Amino acid sequence: HHFDNGTMGILSFIIVVLVMQHACIAESVRPEKPSDRNLDEEGESASSSLSCQAFEHLLQYATRQDRMETDMDALQTRTDTLQQQCCGGEAMQYSFDSLQTLMEEQETTIQQQQTTIHQQAAAIQQMETLLNQLSDKLNGPRDCMEVLANGHDTSGVYTIYPDGGGKSP
């Protein structure tokens with residue numbers, strides 16, 4: 001079989017764990033007779049005990065690492081699911097440049113619309129002035145008597161429409 005570096009590292013770790021586990025088990029089942037031991041064996045026993053503790057810590061670390069990897073996989077799966085639900089399966093990514101271009105295009109469109117609105121406002125103002133003039137011509141006083149009848153009783157200059165603008169004589 002051909003294994004990549006990651007697989008080889010995992011296999012090496014598993015082998016080390018198994019060897020350490022075997023050593024700790026062998027240490028724990030060895031008979032304890034203090035009289036049979038000499039000084040070197042006691043030092044070796046203390047060393048084995050420390051190795052077993054190190055193995056326990058290593059095993060706890062590996063378990064935590066495995067849990068973290070499982071949690072990361074679950075989070076990635078959840079992220080992928082949310083992205084599919086949110087975006088219909090397509091990742092919607094815009095570069096800064098494309099967003100900048102879009103904003104500039106929208107700015108141009110807004111400026112054009114503002115210009116159109118100002119032109120339309122000026123045209124409406126002109127039409128309003130013409131309508132007021134036409135209304136005055138149609139409904140305005142034909143002579144000074146009608147000016148007085150409309151409530152203007154002070155001396156001044158008033159506009160009259162002698163042709164009547166459609167009013168009967």
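Ile14 is partly exposed, at a relative accessible area of 40%, where partly exposed sits between buried (under 20%) and exposed (over 50%), using a 1.4 Å probe and protein chains only. Ile14 belongs to helix α1, residues 5-29. Keep in mind that this is a predicted model: local features need pLDDT of at least 70, side-chain atom pairs count only at pLDDT 80 or more, and totals for chains, interfaces and linings use all residues. Residues are numbered from 1 along each chain as its sequence is written, and side-chain values use heavy atoms, with hydrogens and water left out.

**Surface**
- Phe13, Ile14 and Leu18 make a nonpolar surface patch of about 260 Å²; patch residues have over 30% relative accessible area and no salt bridge, with nonpolar side chains (Val, Leu, Ile, Met, Phe, Trp, Tyr) joined within 5 Å and like charges within 9 Å.

**Salt bridge**
- Searching the whole structure turns up 1 salt bridge, meaning a side-chain nitrogen of Lys or Arg within 4 Å of a carboxyl oxygen of Asp or Glu.
- It pairs the side chains of Arg142 and Glu146, at 3.6 Å from N to O.
- Arg142 is partly exposed at 22%, and Glu146 is partly exposed at 23%.

**Fold**
- The chain has 4 helices and 0 strands, taken as DSSP runs numbered from the N terminus (helices: H or I, at least four residues; strands: E, at least two).
- Of the 169 residues in the chain, 8% are buried.
- Among contacts (heavy atoms within 4.5 Å) with a separation of 6 or more, 44% join residues 24 or more positions apart.

Definitions and conventions
Areas by Shrake-Rupley, 256 points an atom, 1.4 Å probe, with all protein chains shown as cover.
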